[in-house]
Amino acid sequence: MNLTIRETFTKELPSDNNLENSRRQVYEAVFSFVNPKKTSSPKVIHVSDEMLESLGISTAESKTDFFRDVFTGNVIYPNTKPFAMCYGGHQFGSWAGQLGDGRAINLFEIEHQNKNWHLQLKGAGETPYSRNADGLAVLRSSIREYLCSEAMFHLGIPTTRALSLSLSGDPVLRDVMYNGNPAYEKGAIVTRVAASFLRFGNYEIFASRNDKKYLKILVDFTIKHHFPHLGNPSKETYIQFFNEVAARTLTLIIHWQRVGFVHGVMNTDNMSILGLTIDYGPYGWLEGFDFGWTPNTTDRQHKRYRYGNQPNIGLWNLYQLANALFPLIEEAAPLEAILEEYKTNFESQSLQMMKTKLGLFSSDENDQKLIQNLEDTLQLTETDMTIFFRLLSDFSSEKNGFELIQEAFYDVENITENIKSKWQNWFEIYANRLQNESISTFERKRKMDAFNPKYVLRNYMAQLAIDSANLKDYSLIDELFQLLKKPYDEQPKYQKWFAKRPEWARDKVGCSMLSCSS
Ligand code: AMP
Ligand code: MG
């Protein structure tokens, strides 16, 4: 394995002078050098072939002990110095102070085919930022992150990637539901990959400490390496930088809304400066279409991070980033204008996204109403979002729409006459609206199917893979991994995964509700 190591981050940014791996507040530094913990019997259980290729690692190399040891933290790749980043964050609406990479350790940065990648281990032991936790991760949450981050990539959604999933061989104690029943689980390590793991919280931490000098160093670095088209640092460049982060954040959240992904913990420390989906924790996928749904049990009461609130939270988080960047700009008006624009862009992009889901490409002043009516109707009885939109592409005016989408209802027996007539009414308006479209039914179906995925990582599917992995059977991880490479394709051999959540999974932990414990 011969990697082209680059050291832009560690060479250009200030590091913590203290080299001791002790938990503490770290000032005037962007990161601290720290080595991963050695594990007792590391074992790689899955590798992403696409990621191998993107990084220039061969399949044969991925089967070596050296690969296993590097990507479980047992051997340090020659001439590299692992590190953990210092960041803060607003958690559930309040400033939480210093957080940082508490269980993520960045191994190195490499260049391949003109792209720079950071490789990082999640679950490789404690760092100065581990606070009162152990720096480890369990197999359950590692499988969820590994599968979902690669699945998101194939859905065409900006995300951090995953190279490998490994067992550490060490047990990890977790109280899954925070109810006083801790138990040992298998420890695991995911190698995550991204152009950058910088978060809103990396900038907020300096602003919170009135540390304008280090704030500027980090912002200038970010622009130089990740937004080079914006030009040399200046007040105007900083405004444009914020503008681009806002635009990327909105694009990301529109994608989430399109496929029914609920992140679950949209704290500012989990918001990527590049607009990537980052930190897969208690995320979930909508089964029944429901704006009020959140998978995260920790958020059960206020549902701050519910599906329908994600766009608002994106804006709230951008306000925090605007506050953090303010010392470099010293003028509120341009930042406020960008935040205002987020709102209007959300309206137009959201409408555009919903129209595409419905196969509507011409304009009609009543589209907003048609969509509102659909969203209300979808919530009358539990209706599977993914299945509904996928079946809808087969609709044409000769067909009975209500019958076409039957499969999407969870409780078919109890559909009342009232619900049925509301659906019939909606389909009548939809059929009329389709008359104004100039594309053929065939072409409409093609476009809709390329936009509405057939297969997503339903919560119960991940849980089945976890249950069998706990019994040392990793075949389902691979099956789901392969399935989710082509989420928009028909894939008849995997038809069984185009199905509603089974009843046994309705209230099972891991299937419909998840805690932050990972
Ligand atoms: P999360 O909610 O997973 O995004 O984590 C929030 C903060 O807690 C981050 O600073 C994490 O690094 C830290 N953290 C979460 N789990 C652990 C753990 N097991 N050990 C150390 N730090 C952790
Ligand atoms: Mg996090």
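Mentor: A polar contact is a pair of N or O atoms within 3.5 Å; within protein, one must be able to donate a hydrogen and the other to accept it, and residues adjacent in sequence count only if both atoms are side-chain atoms. This is a predicted model, where local features need pLDDT of at least 70 and side-chain atom pairs pLDDT 80 or more, while totals for chains, interfaces and linings use all residues. Residues are numbered from 1 along each chain, chains are lettered from A and ligands numbered from 1 as written, and side-chain values use heavy atoms, without hydrogens and water.

Trainee: What makes the pair between Gly-102 and ligand 1 a polar contact?

Mentor: A polar backbone atom of Gly-102 is 2.7 Å from an oxygen atom of ligand 1. The limit is 3.5 Å, so the pair counts.

Trainee: Which side chain has a polar atom 2.6 Å from an oxygen atom of ligand 1?

Mentor: That is Arg-131, and this pair too is within 3.5 Å.

Trainee: Why is Asn-270 called buried?

Mentor: Buried means under 20% relative accessible area, exposed over 50%, partly exposed in between (1.4 Å probe, protein chains only). Asn-270 has 10%, so it is buried; Asp-279, with 15%, is buried as well.
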